[in-house]
Amino acid sequence: MASPSASPAPSASGSSRSVLVAALAVVVLVAAGWWWLGRPVAVPPSPLAPGEEIACLSYAPYEGSQTPFDPNLWIAPEQIDRQLGELAKVTSCVRTYSTGQGLAAVPEIAARHGLKVLQGIWLGRNRTDNAKEIAAAIELAKAYPDSIRGFVVGNEVLLRRDLPPETLVEAIRTIRKAVAPIPVTYADVWEFWERNTEIARDVDFVTIHILPYWEDQPVNVSKARDHVADVRREMGTLFGDKPILIGETGWPSRGRMREGALPTPANQVAYLSEIIALAKKNGWDYNLIEALDQPWKRKLEGTVGGRWGVLDDAGKVKFHWGEAISNHPGWLWQAAIGIVAAAVVMGLGLKARGMNAVGRLSLIALVTGFALPWWLEEAPVVSLDGWDWAFAAATLALTVLMPLAAAPMVARGIPRLRLEALLGSAETPAGTGAAGRIMGWLTFATLVIGVPTLIALLVDSRYRDFQFAAFAGPAIAVAMVGAAGAAGRVERLFSALILVTAIGVILNEGADNGQAWAFALDFIVLALALRPVGRGTPAPAGQGKAVPA
């Protein structure tokens, strides 16, 4: 079959000039794009006056590989002292969640730094452990009555269904009697206070959690302030004169989107600024979650779980009130890598002939210029265990190798080998050669890694990250190279499965979830590249003769 293009082939020199002009345009776009992504984003004015501090911060001391699930872990007083010393610079109060693992030392150390403590008492399903927590808390009340601002008897016990309400109330009454006159409360998500209003009779103040990001219907950061205000006013009406503490509210600085709720450094600063200003305006007491980033939460809640801190896990302040902040602080090195990657791709396709080929080559280079640096930044953040690091390494290799392999194939009109021919169930078409076979195997590897990832994000998505940058490069490479011959049964099945699942991800995550769209788009492009294109017809035009499968 003759090439669809009837126009004379351009000269070698004219073609090279076209590629060079296109390369310059791609490099400019990559540079401009990374500048735009990395530019400082304006945030609201500082909600705190000079010298004013955050009212209170949730405090957990865990660093590095430390976790509350380690029964042998004991946090050294020196670590707590160092952390509270840093926190005393930004707040006047810390809220803890337990007395175990060395946390019973917090009230004494906090007093040395001028901090008050909302002392947590962890209640769970183990009655023996609960009794130990209660006994330790009572001793702390006797030893540090001036340091402890209040006792939080249980945290989200009803949400987790660890104890029935009547057992929880029994514990509250026991502790309230033993620690008087120190006030006592119970903390839970606001909806569970709505369902269990009777508990308010047995506490000195009601502690509600309002987390717009984690709501059943996640709230965009632009509407989160109003959501908090509405909930707080509703709770005020519900509980009348009973004092109310917003015991947890915050916004993550990194992680997956939930519908329109996007975790970024700028969104975190904007939300916290607006909430503090709102609380001050209305005279509401509040506690932000949280003081320090907590790496251990990533195993429970994905990347986003470990990124709620005002300080990072090393105790370094993540932002300054009222100052613009970049969502991609490493954009300069990312731009440099993106420019080099795009230039290399264009250089490998220098012999491209015709606007069709140059356009496809440019698209590969442009996507690579963004996807590769993005994934280089993201992979270490989302990788927790050996499997994660293996996934990151494999997808990074594909992100590098596939555009590099695709560029000269596009330039010379070489199609990839279809999976049927690659696996030996069909004849190998003429004109594919070693390059077509290599691209065939790389495509197969992309499917083996990508399809289970896509399915997992459909069936168990709540805490999984959208690793869209990991598959953008491979997907565009497969799509722009095209394939020899019509698709057989294997590629048809892959294509159908991917399309259905990708659409399911979008429907599941909601139309406002840009990360879900980007991730699904990777796979839709891949699915369309695998689809049947007509018997004996090459995929993108100008790739030479096709042989029926």
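## A walk through the model

Start by selecting Pro-181, which sits in the loop between helix H6 (165-179) and strand E6 (184-189); helices here are DSSP runs of H or I with at least four residues, strands are runs of E with at least two, and both are numbered from the N terminus. Before going on, note that this is a predicted model, in which local features need pLDDT of at least 70, side-chain atom pairs count only at pLDDT 80 or more, and totals for chains, interfaces and linings use all residues. Residues are numbered from 1 along each chain as its sequence is written, and side-chain values use heavy atoms, with hydrogens and water left out.

Next, go to Ile-289 and Glu-290. Their peptide bond is also cis, with omega near 5°. Glu-290 belongs to the loop between strand E9 (285-288) and helix H10 (298-301).

**Two positive phi angles**

Select Gln-101, in the loop that runs between strand E3 (93-95) and helix H3 (106-112). Gln-101 is not a glycine, yet its phi is positive, at about 55°. Is Gln-101 buried or exposed? Its relative accessibility is 14%, so Gln-101 counts as buried (buried means under 20% relative accessible area, exposed over 50%, and partly exposed in between, with a 1.4 Å probe and protein chains only).

Then jump to Glu-156, in the loop between strand E5 (148-155) and helix H5 (157-160). Glu-156 has a positive phi of about 55° as well, although it is not a glycine. With 14% relative accessibility, Glu-156 counts as buried.

**Out to the surface**

Show Val-459, a residue of helix H15. Val-459 is exposed, at 64% relative accessible area.

**Zooming out**

Finally, show everything. The protein has 18 helices and 10 strands, and its C-alpha trace spans about 90 × 45 × 45 Å along the principal axes. Of the 549 residues, 55% are buried. Among contacts (heavy atoms within 4.5 Å) with a separation of 6 or more, 74% come from residues 24 or more positions apart.
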